Amino acid sequence: MNFSQTGCEIRDNGAQALGEALKTNSTLATLNFQENQIGDNGAQALGEVLKTNSALATLNLESNRIREKGGQALGEALKTNSTLATLNLQNNRIGDNGAQALGEALETNSTLATLILQNNRIGDNGGQALGEALKTNSTLATLNLQSNSIGEKGGQALGEALKTNSGLATLDWYNNSIGDNGAQALGEALKTNSTLTTLDLNNNSIGDNGAQALGETLKTNSTLATLNLQSNSIGENGAQALGEALKTNSTLATLNLQNNRIGDNGSQALGEALETNSTLATLILHSNSIGENGAQALGEALKTNSTLAILNLQFNSIGDNGAQALGEAFKTNSTLATLNLGLNSIRVNGAQALGEAFKTNSTLATLDLYNNSIGEKGGQALGEALKTNSALATLNLQNNSIGENGAQALGEALKTNSSLATLNLYNNSIGENGAQALGEALKTNSTLATLKLARNLIWYRGLLVFSEALKTNSALVTLDLEDNLIQDKIVKAFSESLKNKSTLATLDLSCSLIEDNGTQALCEALRMNSTLTSLYLAGNLIDGSGVQALAGALKMNSTLTTLDLQNNLIGDGGAQALAGALKINSTLTTLDLWCNSIGEIGAQALAEAIKTNATLTTLYLQDNSIGDNGALALSQALKTNSSLTTLDLWGNSIGDNGAHALAEALKRNSTLTTLYLQNNSIGDNGAQALSQGIQMNLTLTTMDLWCNHVTDKGAMALYKVSHICLVGTQVRFTHTSFSHLSCKNDERNI
C-alpha cells in the first residue's frame with residue numbers, strides 16, 4: 001500500500017499522529033510526505049516508527065524543515081530498521097551532524113539502497129562520516145550528495161571508502177567543491193573498486209590534476225560506465241590523460257566534458273583514443289574551444305570507430321575544415337546517430353562536405369547545424385543529399401541564411417525523401433519562392449511531421465501554396481509560421497484548409513499582423529476542425545469582432561486545449577466574450593491573455609466563468625490592469641473552482657486589498673499550485689494576509705512576490721510558514737516556494 005500527502009501542510013503534529021499509527025501498521029510500503037513543513041519533531045516521530053515498523057520500504061521527506069536533530073533521529077532509527085530501502089531527504093538542512101548520524105547508521109544498516117541528501121548543507125565532516133560508513137556498508141547502491149559543501153577532505157574520505165566498498169553503484173557529487181585532491185582520492189579508489197558504474201562530478205573544480213588522476217583510474221577500472229566531468233576547468237592536459245585511458249578502457253560508455261577548455265590538443269587526444277576504443281557511445285564536448293584541428297582528429301577517428309552513437313560539438317569553432325573532416329568520416333562511419341554542430345562557424349564548404357557524405361551515410365538520424373552560416377549553397381547541398389538519404393529524421397538549420405535557393409532545394413528533396421520528420425528553418429530569409437517550394441513538397445510528402453518557418457519573410461504567394469498543401473497533406477502535425485507577413489487575406493485561405501484538415505495539431509501564427517477579418521476566418525475553421533489542439537495567435541491585432549468570433553468558435557470546438565492570445569487588443573469587452581465561451585467550453589486547458597488591456601470588468605467576467613468551468617487549468621493575465629477589484633472577483637471564483645492550477649497575475653496593480661482577498665481564497669481553494677504576483681503593489685499587510693492563507697492551504701507549492709513592497713516584517717510573516725532556501729541575493733521560499741521575494745528598498749537574505 002502507498003500513501004502520498006505532497007504539499008499538504010502535515011507539519012510536526014500531523015507527522016507525529018501518523019507516526020503513532022504506523023507503529024502498528026503492517027501493510028504501508030511507501031510514504032510520501034514531500035513539501036509538508038515537517039520539522040525535527042515530526043522527523044523524530046517518524047524515526048521512532050522506523051525502529052519497529054517492518055513494512056515501510058520508501059520514505060520521501062523532500063523539501064521539509066528537517067534539521068540536524070531530525071536527521072539524527074532518522075539515523076538512530078536506521079540502526080535497527082530492516083525494511084527501508086529508499087530515504088529521500090532532499091532540500092532539508094540536516095547539516096554535518098545529521099549526515100554523521102546517518103553515516104553511523106549505515107555502518108550497521110543492511111537494507112537501505114538509495115539515500116538522497118541533495119541540498120542539505122553537508123560539509124566535510126558529514127562527508128567524512130558517510131565515507132567511514134561506506135567502508136563497511138554493502139547495501140547502499142545510490143548516494144546523492146548533489147549541491148552540498150563537501151570539499152577536498154570529504155572527497156578524500158569518500159574516496160578512501162570506495163577502496164573497500166562493494167555495494168555503491170551510483171555516486172552523484174554534482175556542485176560540491178572536492179577539487180583536484182578530492183578527485184585524486186576518488187581516482188585512486190576506483191583503481192580497485194569494482195561496483196561503481198556512474199560518477200557525477202559536474203562543477204567540482206577538479207582541474208587537470210583531478211582529470212589526470214581519473215584518467216589513470218580508467219586504465220584499470222572495469223566497471224565505470226558513465227562519467228560526468230562537466231564544468232571542471234579541465235584543460236588539454238586533463239583531456240590527454242583521459243584520452244590515453246580510453247585507449248585501453250573497455251567499460252566507459254558515456255563521457256561528458258561539456259564546458260571545459262580541452263582545446264585542439266585535448267580533442268586530438270580523444271580522437272586518437274576513439275580509433276581503438278570499442279565501448280564509448282556518447283561523447284559530449286560542448287563549449288571546449290575546439291577548432292578545426294581538433295575536429296579533424298575526431299573525424300579521422302570516426303572513420304574506423306564502430307561504437308560512438310552521439311557526438312556533441314556545439315559551441316566550438318571547428319569551421320569549414322573541421323566540418324569537411326567530419327563529413328569525410330561519415331562516408332564510412334556506420335554507428336553515429338546524433339551529431340550536434342550548432343554554433344561552430346561552419347559555412348558553405350563545410351555544409352557541402354556534410355551534404356556529400358549524407359548521400360551515402362545510412363545511420364545519422366539527427367543533425368543540428370543551428371546558428372552557423374551555411375548560406376544558400378550549403379542549403380542546396382543538404383537538399384541534394386536528402387534526395388537519396390534515408391536515415392536523417394531531424395535537421396535543424398535555424399539561423400543559417402539559406403535563403404530562397406536553399407529552401408527550394410530542400411523542398412525539391414522533400415518530394416521524394418521518406419525519412420525526415422522534423423525540419424527547423426527558423427530565421428533563414430527563405431521568402432516567397434522558398435516557401436512555395438516547401439509548400440509544393442508538402443502536397444506529396446508523407447513523413448514530415450514538424451516544420452518550423454518562423455521569421456522567414458514569407459508573404460502571400462508562399463503562404464497560399466501552404467494552404468493548398470494542407471488540404472491533401474496527411475503527415476504534418478506542427479506548423480510554425482510565427483512572425484511572417486501573413487495578414488488577413490492569407491489567413492482566409494489557411495482557414496479553408498483547416499476545415500477538413502485531419503492531422504495538423506499545432507499551428508503558430510503569432511506576430512503575423514492578423515486582424516479581425518482573419519480571426520473570423522480562423523474561427524469558421526475551428527467550428528469544423530477536429531484535430532487542432534494548440535493555436536498561437538500572440539502579438540497580432542485581434543480585437544472587437546475578432547474576439548467575439550473566437551468566443552463563438554470556442555463554444556462549439558471540442559479539441560482545442562491551448563489558446564495563446566497574449567499581446568493583442570482584447571480589452572474588457574473581449575474578456576467578457578471569452579468568459580461567456582468558457583462557461584460552455586469543456587476542452588480548453590490553457591488560456592494566455594497576457595498584456596491585453598484587461599481591467600477589473602474583464603477580470604470579473606472571467607471570474608464568473610471560472611466559477612463553473614471545470615477544465616481550465618492555466619490562466620495567464622500578466623501585465624493587465626485588473627487591480628484590487630479584479631483580484632477580489634477572481635478570489636471569489638477560486639473559493640469554488642476545482643480545476644485551475646496556475647494563475648498568473650504578474651503586473652496588475654494589485655495592492656494589499658487584493659492580496660487579502662486572494663489569501664481568503666487560498667484558505668478554501670484545493671487545486672491551485674502556482675500563483676504569480678510579481679510586480680504588483682503588495683505591502684507587508686498583504687504579505688501577512690497571504691501567510692495566513694497559506695497556513696490553511698493544502699495545495700499551493702509556488703508563489704512569486706518579486707518586486708512588490710514587502711519589507712522584513714512581511715517577509716518574516718511568510719518565512720514562518722515556509723522553508724527558506726537562499727539563492728544568491730534572492731529569497732526563495734518552498735512550500736510555498738516564494739520565488740524572488742524582494743524587500744522594499746533592497747533584496748535581502750533572511
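**Cysteines, salt bridges and a helix pair**

C511 is partly exposed at 32% relative accessibility (buried is under 20% relative accessible area, exposed over 50%, partly exposed in between; 1.4 Å probe, protein chains only). This is a predicted model, where local features need pLDDT of at least 70, side-chain atom pairs count only at pLDDT 80 or more, and totals for chains, interfaces and linings use all residues. Residues are numbered from 1 along each chain as its sequence is written, and side-chain values use heavy atoms, with hydrogens and water left out.

**Cysteines**
- The structure holds 0 disulfides (a disulfide is a pair of cysteine sulfur atoms within 2.5 Å).
- The closest cysteine sulfur to that of C511 is in C595, 12 Å away and too far for a bond.
- C595 is partly exposed too, at 28%.

**Salt bridges**
- There are 23 salt bridges (a side-chain nitrogen of Lys or Arg within 4 Å of a carboxyl oxygen of Asp or Glu).
- E440 pairs with K443 at 3.0 Å, N to O.
- E440 is partly exposed at 34%, and K443 is partly exposed at 34%.
- E20 bridges to K23, with the closest N and O atoms 3.4 Å apart.
- E76, K79 and E104 form a salt-bridge network.

**Helix pair**
- The axes of α23 (residues 627-638) and α24 (residues 656-668) come within 8 Å and cross at roughly 5 degrees.
- Axes are lines fitted to C-alpha atoms, for helices over the stretch in contact, and angles run from 0 to 180 degrees between N-to-C directions.
- Helices are DSSP runs (H or I, at least four residues), numbered from the N terminus.
- The two helices, α23 and α24, are therefore roughly parallel (angles under 35 degrees).

How values were computed:
Parallel < 35°, antiparallel > 145°, perpendicular 65-115°, else oblique.
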